[in-house]
Amino acid sequence: MDSTADGDQSQQITLFLLDDHELVRRGLRELLEGEGFIVIGESGSAVEAARRIPALSPDVSILDARLPDGTGIEVCRDVRSVDPSLSCVILTSYDDDQALRGAVLAGAAGYILKEILGSDLIDRVRRAASGESLFEAGVRERIIAGLGETAVEDPRLAGLTSQEKKVLALIGEGLTNREIGSQLFLAEKTVKNYVSSLLSKLGFQRRTQAAVYISRPS
């Protein structure tokens, strides 16, 4: 009975696969479809994936971290700026602290090494589809808090208030003003004012410029 329930659950989960190696995509597809997941799209290009994922609206997008024309982290940030409800998991061969930081700030649900066992990957995809964060407890909070510790390295960041830094970090995650207000217990109009102020201080005209700036490797 439990096995059937798991199968039914997987059948409700749609996926998009991004990896520039066809054999890797084929292996992932066979593994996941064998467990009842539905792969509704795949690509080997970051640019193509960023365009197709919002249109297809999969439950989970599994994104390779490094691609010839971009990164999975950039794709995650881009698609979540269009639709913050999209869940993205970064799948990578590299255990990289800077990439982990970028994944958190882009709003990824998780950062998974390719050496993971197939059964563990299936479990984490199900968890991501249910809205669960796959990061260890406190990782996201430590990364956001760390923005203030490194602010002296860039005069523009040093000019931001503590609240503006928090808003900037959440912009990097792809959150809307309403979602930022919910997390920081602020009115949406107040968040809008913070966004306008920090964009002015950073010398940016659009919030997408701020998102790219704060998600860049240190």
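A residue counts as buried when its relative accessible area is under 20% and as exposed when that area is over 50%, while partly exposed covers the values in between. With these limits in mind, one can turn to the chain, which is a predicted model.

The secondary structure amounts to 12 helices and 7 strands. Five strands form an open sheet with parallel pairing, in the order β2-β1-β3-β6-β7. Because β2 (38-43) and β7 (110-113) stand at the edges and each has a single partner strand, one side of each is left without a neighbour in the sheet. From one strand to the next, the twist averages 20 degrees. Within the sheet, β3 (residues 60-64) and β6 (residues 88-92) run parallel and are joined by 4 bridges, and Ile62 has Val89 in β6 as its bridge partner.

Helices lie against this sheet. Helix α3 (residues 46-56) lies across β1 (14-18), β2 and β3, and runs at about 150 degrees to β2. Helix α6 (residues 118-129) also packs on the sheet, where it touches β1, β3, β6 and β7, and its direction makes about 125 degrees with that of β3.

The largest nonpolar core has 23 residues, of which Leu18, Ile53, Leu63, Val75, Cys76, Ile90 and Ala103 touch the most other members. At least two residues of this core come from each of β1, α3, α4 (72-82), β6 and α5 (97-105), and α4 gives the largest share, 4 residues. Leaving aside residues up to four places away in sequence, Ile53 touches Phe16, Pro58, Ser61, Leu63, Val75, Val79 and Leu86.

The charged side chains give a count of 12 salt bridges. In one of them Glu33 pairs with Arg29, the closest N and O atoms being 2.8 Å apart; both residues lie in helix α2 (residues 22-33), 4 residues apart, about one turn of the helix. Glu33, with a relative accessible area of 36%, is partly exposed, and so is Arg29 at 25%. These two residues also belong to a network of salt bridges that links Arg25, Arg29, Glu33 and Glu42.

In helix α6, Arg127 and Asp123 are likewise 4 residues apart, and their salt bridge has its closest N and O atoms 3.6 Å apart. Arg127 also meets Glu132 in a salt bridge, at 3.0 Å from N to O. Arg127 is partly exposed, with a relative accessible area of 26%, and Glu132 counts as partly exposed at 36%.

How values were computed
Residues numbered from 1 in each chain as written. Predicted model: local features only at pLDDT ≥ 70, side-chain atom pairs only at ≥ 80, totals over all residues. Heavy atoms only, no water. Pairing = 2+ DSSP bridges. Axes fitted to C-alpha atoms, helices over the stretch in contact; angles between N-to-C directions. Contact = heavy atoms within 4.5 Å. Core = buried A, V, L, I, M, F, W, Y, C linked by side-chain atoms within 4.5 Å. Buried < 20%, exposed > 50% of the residue type's maximum accessible area, 1.4 Å probe, protein only. Salt bridge = Lys/Arg side-chain N within 4 Å of Asp/Glu carboxyl O.
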